[in-house]
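Hi,

Here is the structure I promised to pass on. Have a look at it first, and then read my notes below.

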Amino acid sequence: MITESNPTELDQTLSALADPTRRAILRRLSEGEARVTELARPFAMSLNAVSKHIQILERAGLVHRRRAGREHVLSLDPSSLDEAAAWINAQRAAWTARLDALDAMLRAEDRAAAGGSSEGG
């Protein structure tokens, strides 16, 4: 039986990961914490647009924000990634088992067909 994390949390994580800008932000944060303005620098979009991406990452639990004076500093929280990876691995295992069973059935049919055709010749 396949167990699943809270679908809402999983949905938020997968949705957050679906966007290349958000994945780039997470890649940068995997190197260490960063200020919002630093994260926004490489993107050809407004600070407000980058902030919206960051909010989606925060809601998904992938990013934590702390204030250091007037600065907002972000850090990566990989626990939601672990949950998504566990779900993906469970899906992979289930589909691998199904495909292995199909392969075995088709091979058995091929062996049966090969055995039956040589008898009638």
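**What I found**

Let's start in the sheet: Val63 has Leu76 in β3 as its bridge partner. Before going further, this is a predicted model, where local features need pLDDT of at least 70 and side-chain atom pairs count only at pLDDT 80 or more, while totals for chains, interfaces and linings use all residues. Residues are numbered from 1 along each chain as its sequence is written, and side-chain values use heavy atoms, with hydrogens and water left out.

Back to the strands. β2 (residues 63–68) and β3 (residues 71–76) pair in the antiparallel sense over six bridges; two strands count as paired if DSSP finds at least two bridges between them. Helices (H or I, at least four residues) and strands (E, at least two) are DSSP runs, numbered from the N terminus. Ala68 sits opposite Glu71 in β3. The two strands make a hairpin with two residues between them, and Gly69 in the turn has a positive phi of about 70°.

The open sheet has three strands in the order β1-β3-β2, with antiparallel pairing. β1 (34–35) and β2 are at the edges with a single partner strand each, so one side of each has no neighbour in the sheet.

Now for helix α2 (residues 20–29), where you'll find Arg22. Arg22 is buried but has no salt bridge, and the nearest side chain of opposite charge, Asp19, is 4.4 Å away. Buried means under 20% relative accessible area, exposed over 50%, and partly exposed in between (1.4 Å probe, protein chains only). A salt bridge needs a side-chain nitrogen of Lys or Arg within 4 Å of a carboxyl oxygen of Asp or Glu. What Arg22 does have is a polar contact of 3.1 Å between its side chain and that of His53 (a pair of N or O atoms within 3.5 Å; within protein, one must be able to donate a hydrogen and the other to accept it, and residues adjacent in sequence count only if both atoms are side-chain atoms).

Last stop, helix α5 (residues 79–119), which holds Ala90. Ala90 is partly exposed, at a relative accessible area of 22%. Its C-alpha atom is 33 Å from that of Leu39, 51 residues apart along the chain. Trp95 is also in helix α5, and counts as partly exposed because its relative accessibility is 48%.

Cheers

Notes
Lys, Arg positive; Asp, Glu negative; His and termini not counted.
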